Amino acid sequence: MSKVSVILTSFNHGKQIHKTIDSILNQSYENFELLIWDDASTDNSWDIIESYEDSRIKIFRNEENRRGIWGLNKSISEMAEGEYIAVHHSGDEWHKDKLKLQVQALDNDVNIGAVFTKVKIIDEKGHDFLDKNNFYFDIFEQPNRTKHEWLRFFITKGNALCHPSALIRKSCFDDCGLYRYGLAQTGDFDMWLRLCLKHEILVLDEKLTYFRIESNDGNTSSHNKVTETRSFYECYRILSDLLNSLDESDWINIFPEYEKYKVGNGDVNEYIYARLLIDSDAMHPIKLYGLDMLFELLQDKELSSKVKELYNFSYHDFIKLSYSVDPFNVSQLNDLKTDIHYLQSENEKLSIYNEQLMADNEKVIESFTSSISWKLTKPMRATRRLVTNPRAYLPRVKKIIKKTPLLPLARYMQQRYNSIRQLLANAPLSAQNTKYTNQTSQKRSTELMSERHISCVTSNIKLEELPDLDISIVTYNNGGWLERFSETLLAQGYPCEKLHLHFVDNGSKDDTVQKLEVFRQSFSDSFGSIEIYKRPNLGFGAGHDYAISHCKNDLFLVSNIDLEFVHDSLLNVVNYAINDSDNVACWELRQKPYEHPKYYDPITLETAWSSHACILIRKDAYEVVGGYEPRIFMYGEDVELSYRFRSHGYLLRYIPSAYVYHYTYDEANQVKPIQFAGSTLANALIRFRYGTTSDKLSAIVLQLALFIRGAGFSGSRKLVLGNFKKLAMEAKYFSSINKKDNTHFPFRYFDYEMIRDGAFYELNAPVKPSSELPLVTIITRTYREREFWLKECMASVINQTYPNIQHVIVEDGGETMSALVAEAKEAYKEFYNVEFAGFDKKGRSYTGNQGLEIAKGEYCLFLDDDDLVFPDHVEVLVNEIIASPELGAVYSLAWDVHTSVDQTTTPKSYSEHLFKTLPLFYQEYCLKTLLNHNYIPIQAILFRKSLYVENGGFDESMDQLEDWNLWTKYAIKSKFKFVPKTTSLFRTPSDEAERLRRVQNLDKAFKEAINKQKQLIG
């Protein structure tokens, strides 16, 4: 029989309930049962609840919404087996030791009826809640009190105990009763009042409960007009019941000032009680109750006379008192009404004045524009506009050109103009950029079915065979992150006894070192070893160098402390590393909620540089290159080490399937002055070491430009001046080390790699457990002699982080690709769910429809054989559409990659010249715009298959722009959503003549497509 019964009430918290349930199941105290009562949730909460398979869980669901108290009472009175009752709410979380410490407290003191905890306030994303003006910011920061002191606090201040923090003896419900029906806001408060009448309570000093504040007043207990109005009555009712139940000893213990009101000669206790309530700094419902008590006294002639005699209080005094107490805030409301009437009156006067002013202005303008001088100067004004703002005439000029034979020439001139603009824009960019990109992309063709790729995708090393792993963490005044860091490290799936932690503290001035020592004492038996090194602050890289010098294993993890691990973070990255090539130096873990937006190859997963927020490194490679650069203090030392790895012939890998939550920014687009100064200086120093002569000159020009322009925050120019001084001192040192000629090092302004849109797009946890995620079908249309492209396409599908994908490959005009597909299916086995079908040559639209017929997924997307998707493509889109069931489709941004193909090589090869997101692609969903412009690339959109079932597929009479027609057909029947993150790429010819021919063909198809659009709408 379980000692503790945990009752979890659930209603429409699908985004958080898995965290709530996990926080219960992961308790270090294990002798509990979990009763989950879902109150007819309308989101996916019940699906998530049902997905758990744990013998401790019992689940119940109301057929209609009855509010949480109904489920609580039924659970306590009929189902709970435990000696102790813990109440939890969906959306909130617990520390892993909450139940253990509370059970110990109740076991050790039979006089305590309930144990509460201090509370950590978190926001919707689980971050610390920082709004100090919010009611809940510090309301639960309460000291321990006796039961009568608590009653005094409740009467005068209200509730300050957190419901999901409570552990209550079940016997207390026999003494005090169950939760009372009819209380929507104060059911728990009412329980605390009745509890403290009979039992002492205890508040543990540790913050073991995580109370989540939801945006838009999403909490049941949030403060808004509805809840505050309801709370007034409820507080009046429950406090009235409490006060009615008090005897004289209770009044004396709750209000020690009771004796001051006594005058002797047979005091009237009711009068003293009333005055205690009215004269105290109590809530308005309490004062109202006190007035009611006095009113009743005045109705009794004998008592009324005695009150007059003893206290000199008559009904005249009561009348004055009822005004001054004002329990309903009538005076304040009247003042507000007066202010509102005054503002309304002033607003009406201003409106009349504004209308008169507008009328006068119109008369003046009409007089002016009808004058002879205005008409005579019209040509001069037109000439001036043409000179100062020629763009204003472009729409008219374009309209005229489209009606003349000049259209091809105009398009050619526009393309040349764009080329020149691009050339000028690329002036600060390194000549190494394109060389690196193409050097990397040449490896794609051999990736699919290579021994390395198959092993990395399919291998799953047993836990007992996993190697020991060192972890290096550098701290500096950030010990506050240690609790969450350690919790998630302990909860992840890699055996903790194989983890050896090395903490280097860079001279923290707060309590970070003390927290590290407490952590070592508490968890020394949980990990292989825990070492703490105290050093002066010589920089981030220097700190890690010191820790790594004590590491003994072949692989070590460099990690920030301000991050959280998920269950398979380390398992996935170590599994990949063990099966990877010996010339790979490191494997970078993906970051959430904000993924680093740098480009990495979607096929080989190679990257030009690695962020060292969380990265696995091969120790022998680290020793070959000599560790971090000691002259880069912070921000940029990871880029420099990455380039040094590559200069020695090593590769760097990015592992999207292994991710951590890294909370480096408090808000989107945040600029950190220290990061700004460190990263811009490091960029210049790295250019001097690894750049061409042009790159080095650009370093100085960029610093000058930054000084002139500023960085948008106070003191930025002063920081740039400091950079100049440091650059002058370090330039010779950084220029003295030569790079290898056959290795290319990208530089793009103050960055290094191309940047994908979506730097601050929030990547949240899946809205469903992995086992419950719906099947997605990716449909690829191909045809004869496309094996070269198809192999890359297939590899990009295999690399997807989303776990439940069916890849349907359909060939237009034969079955020449069937052998390739069969070979890949055999090589990757259950890790690649692929099907092939070949058809007679009937066109792209027909073949696409056949793919839709074969598709088994709840959701579908198209991926042409020469297009690629980044590994998070399906994950991002599925998360969005599951979170919003009303959507029919979601679409993201895509790169248009200008590509030239060399047919003379065997196999053929290609070069990628330009990665560009067309301005049209940034379009938020708008059906009206979609009717006239195709702003959704075919591979960028995920849609429900039900749209195909209900509305059909491609128009098979169309061989171009058929996707545009399909999106419009589906948009008429459902809503779409735009996701501002680049997750795919498609290719277009880089040759200008070929691009012009392509545009001309599309222009011809556009007329037919527009007619089709018109047919769809009517």
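How many aromatic pairs does a search of the whole structure find? In this predicted model, the search returns 53 aromatic pairs.

W251 and F255 form a stacked pair. Their ring centres lie 5.7 Å apart, with 20° between the planes. The pair counts as stacked because its planes are under 30 degrees apart. W251 is buried, at 1% relative accessible area. F255 is buried as well, with a relative accessibility of 0%.

Y643 and F747 pair edge-to-face. Y643 has 0% relative accessibility and counts as buried. F747 is likewise buried, at 0%.

Aromatic residues also gather in a cluster. Y599, Y600, Y654, F870, W895 and F915 make up one such group.

On the surface, K378, R384, R385 and R396 form a patch of positive charge. Helix α16 (residues 378-388) is the largest contributor to this patch, supplying three residues. K378 is located in helix α16. K378 counts as exposed because its relative accessibility of 56% lies over the 50% cut-off.

Technical notes: Residues are numbered from 1 along each chain as its sequence is written. This is a predicted model: local features need pLDDT of at least 70, side-chain atom pairs count only at pLDDT 80 or more; totals for chains, interfaces and linings use all residues. Side-chain values use heavy atoms; hydrogens and water are left out. Patches are made of residues with over 30% relative accessible area and no salt bridge: like charges are joined within 9 Å, nonpolar side chains (Val, Leu, Ile, Met, Phe, Trp, Tyr) within 5 Å. Accessible areas come from the Shrake-Rupley method with a 1.4 Å probe; for residues, only the protein chains shown count as cover. A salt bridge is a side-chain nitrogen of Lys or Arg within 4 Å of a carboxyl oxygen of Asp or Glu. Lys and Arg count as positive and Asp and Glu as negative; His and the chain ends are not counted. The place of a charge is taken as NZ of Lys, CZ of Arg, CG of Asp or CD of Glu. Helices (H or I, at least four residues) and strands (E, at least two) are DSSP runs, numbered from the N terminus. Buried means under 20% relative accessible area, exposed over 50%, partly exposed in between (1.4 Å probe, protein chains only). Rings of Phe, Tyr and Trp (its six-membered ring) pair if their centres lie within 6.5 Å; planes under 30 degrees apart count as stacked, over 60 as edge-to-face and the rest as tilted.
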